[in-house]
Amino acid sequence: MKKFLLAAAFGATAIAAPAFAQDAPPQPPRPGGMAMLDRLDTNKDGVITRDEFSADVARRFAKLDADKDGKVSQAELQAASPGGMGARGMTGDMTLADMQARADKRFERLDTNHDGKIDQAERDAIRARMGNRQASPPGSSAND
């Protein structure tokens, strides 16, 4: 009798398994991250140039500098992204030149073949790294 119940339970599981193997619905694009890379490619040619990258920094700076004093303060940054990570790594007021310098370093990191643009292969590598980071449990170290 026990063997029969065990076989029945196994059979029910095998029949139900395909229902659980269905693909999950596609996730909406996250703010920042990959949606940002798509937004940076303003001419939609599949390549992000340094000029496109820098233009986005200038646009974001203008939006963040609420009082138009040429600096983004910690308060302005937090007001633009309450509870977010917008203030990460910022100490004191930041000028457009400061933001451009940080963006230049980020661009250099992303442009792995150093040809002055972030092409589709580099974008795919970024997507893979971001996916690995999301799949890693908290406290583990995903490769960067």
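In which loop does Lys68 lie? I found Lys68 in the loop between helix 3 (50–64) and strand 2 (71–72), with helices (H or I, at least four residues) and strands (E, at least two) taken as DSSP runs numbered from the N terminus. Before going on, I noted that this is a predicted model in which local features need pLDDT of at least 70 and side-chain atom pairs count only at pLDDT 80 or more, while totals for chains, interfaces and linings use all residues. Residues are numbered from 1 along each chain as its sequence is written, and side-chain values use heavy atoms, with hydrogens and water left out.

Lys68 is not a glycine, yet its phi is positive, at about 55°. Lys68 counts as exposed because its relative accessibility is 57% (buried is under 20% relative accessible area, exposed over 50%, partly exposed in between, with a 1.4 Å probe and protein chains only).

I then looked up His114, a residue other than glycine whose phi is positive and near 55°. His114 is placed in the loop between helix 5 (96–110) and strand 4 (117–118), and it counts as exposed because its relative accessibility is 55%.

For the chain, I noted six helices and four strands, running α-α-β-α-β-α-β-α-β-α from the N terminus on. Of its 144 residues, 23% count as buried.

Last, I checked confidence: pLDDT, the predictor's confidence in each residue from 0 to 100, averages 77 over the protein chain, and 61% of the residues score at least 70. Over residues 26–31 the pLDDT is below 50, and this stretch has four contacts in the model beyond near neighbours in sequence, a contact meaning heavy atoms within 4.5 Å.
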